[in-house]
Amino acid sequence: MHYVYILYSLHLNRFYVGESDNVDRRLILHKTGYFKGAFTSTADDWVIKLKIECVDKKHSLAVEKAIKKRKSKVCIDNLIQYPDLVKKLVQANIQKVAGSSAENPAEQQGPHWQSSTYELKFVSA
């Protein structure tokens, strides 16, 4: 399973969007400055704001790219706040990578997302 995650640093007042198969481990790496010279190494107060479960790595990379392409803090705030936007984003990108890990990704158990800000969980049917 792969995930797209959105981190937030209060110190920097900035978001970071990434992809990983283990978000908790990746958060520790970001917070400890493991990625030398990387944007996330400038702060150690990163928290997970949103975690989106994807079908596979190809799908998570497509979702990550779609979020980063928007280059908008407002867009990220809206994803964190509104479950339907996450659902649409995930579904749109499943269609883009259809056939990458299953004959019909829509028949698989749907992606999940979780927002630590609002303590919401979404599971698509």
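Before the details, some ground rules. The model is predicted, and local features need pLDDT of at least 70, side-chain atom pairs count only at pLDDT 80 or more, and totals for chains, interfaces and linings use all residues. Residues are numbered from 1 along each chain as its sequence is written, and side-chain values use heavy atoms, with hydrogens and water left out.

Let me start with the overall layout. The protein has 4 helices and 5 strands. Here helices (H or I, at least four residues) and strands (E, at least two) are DSSP runs, numbered from the N terminus. Along the sequence, the pattern reads β-β-α-β-α-α-α-β-β.

How much of the protein is made up of buried residues? Of the 125 residues, 42% are buried. Buried means under 20% relative accessible area, exposed means over 50%, and partly exposed is in between, with a 1.4 Å probe and protein chains only. The areas themselves come from the Shrake-Rupley method, and for residues only the protein chains shown count as cover.

Now the strands. Strand S1 covers residues 2-9, and His2 is found there. His2 counts as buried because its relative accessible area is 16%. The side chain of His2 has a polar contact of 2.5 Å with the side chain of Glu19. A polar contact is a pair of N or O atoms within 3.5 Å; within protein, one must be able to donate a hydrogen and the other to accept it, and residues adjacent in sequence count only if both atoms are side-chain atoms.

Strand S2 runs over residues 14-20 and contains Ser20. Ser20 has 1% relative accessibility, so Ser20 is buried. A polar atom of the Ser20 side chain lies 3.0 Å from the backbone nitrogen of Asn22.

In strand S3, residues 46-54, we find Leu50. Leu50 is buried, at 0% relative accessibility. Ile76 is 26 residues away from Leu50 along the chain, and their C-alpha atoms are separated by 9.2 Å.

Next, the salt bridges. How many are found in a search of the whole structure? The search finds 2. The term means a side-chain nitrogen of Lys or Arg within 4 Å of a carboxyl oxygen of Asp or Glu.

One of them joins Arg25 and Asp21, with the closest N and O atoms 3.3 Å apart. Arg25 is partly exposed at 42% relative accessible area, and Asp21 is partly exposed at 45%.

Another joins the side chains of Glu64 and Lys68, at 3.0 Å from N to O. These two are about one helical turn apart, because they are 4 residues apart in helix H2. Is Glu64 buried or exposed? Glu64 counts as buried, at 11% relative accessibility, while Lys68 is partly exposed at 38%.

Helix H2 also matters for the last item, the surface. Lys65, Lys69, Arg70 and Lys96 form a positive surface patch. Patches are made of residues with over 30% relative accessible area and no salt bridge, with like charges joined within 9 Å and nonpolar side chains (Val, Leu, Ile, Met, Phe, Trp, Tyr) within 5 Å. Lys and Arg count as positive and Asp and Glu as negative, while His and the chain ends are not counted. The place of a charge is NZ of Lys, CZ of Arg, CG of Asp or CD of Glu.

Which element gives the largest share of the positive patch? Helix H2, residues 57-70, supplies 3 residues. Lys69 is in helix H2, and Lys69 is exposed because its relative accessibility is 68%.

Methods. Accessible areas come from the Shrake-Rupley method with a 1.4 Å probe; for residues, only the protein chains shown count as cover.
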